[in-house]
Amino acid sequence: MAFLPRSLLLLLLAVVCIQLSGVLADGPDRCWCLNSLKKRVAREEIEEFSIFPRRSKCDKVEIILTLKPVNSSTEVVQRCLSPETRQGINLQACWNKKNTNNTFTFKISNCF
């Protein structure tokens with residue numbers, strides 16, 4: 001008789017773990033970019049960029065630019081770029097055309 005409660009407890013634990021893994025795999029519970037740049041960022045200043053499509057907890061496309069270090073700094077500076085700007089549209093077009101590996105991050109040199 002002790003076998004049945006243990007089995008049910010294990011089954012319940014497995015269901016909870018599966019549910020939690022689905023929640024965690026969806027990403028954060030909000031958008032990453034709260035404010036986006038509307039101005040163009042010089043191509044020479046951009047090291048790489050990432051594009052995140054709409055997801056269940058963020059209803060907009062997000063473009064995150066990683067800028068090149070300034071003055072031998074080791075600090076990583078990232079900025080969000082509005083996907084509606086001309087530069088944002090161009091980066092999305094490059095991403096869709098050349099990102100065949102479906103990676104999250106893409107070198108800017110691959111686009112120009």
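**Salt bridges and the sheet**

The structure holds three salt bridges, a salt bridge being a side-chain nitrogen of Lys or Arg within 4 Å of a carboxyl oxygen of Asp or Glu. This is a predicted model, so to speak of local features takes pLDDT of at least 70 and side-chain atom pairs count only at pLDDT 80 or more, while totals for chains, interfaces and linings use all residues. Residues are numbered from 1 along each chain as its sequence is written, and side-chain values use heavy atoms, with hydrogens and water left out.

Strands here are DSSP runs (E, at least two residues), as are helices (H or I, at least four), numbered from the N terminus. E48 meets K107 as well, at 3.3 Å, N to O. The remaining pair is E62 with R55, at 2.9 Å. Both E62 and R55 are buried, where buried means under 20% relative accessible area, exposed over 50% and partly exposed in between (1.4 Å probe, protein chains only). E47, at 30%, counts as partly exposed.

As for the sheet, four strands form an open one in the order 3-2-1-4, with antiparallel pairing; two strands pair if DSSP finds at least two bridges between them. Strand 3 (77-81) and strand 4 (105-107) sit at the edges. Strand 1 (residues 46-52) and strand 2 (residues 62-67) are joined by six bridges, with I46 partnering L67.
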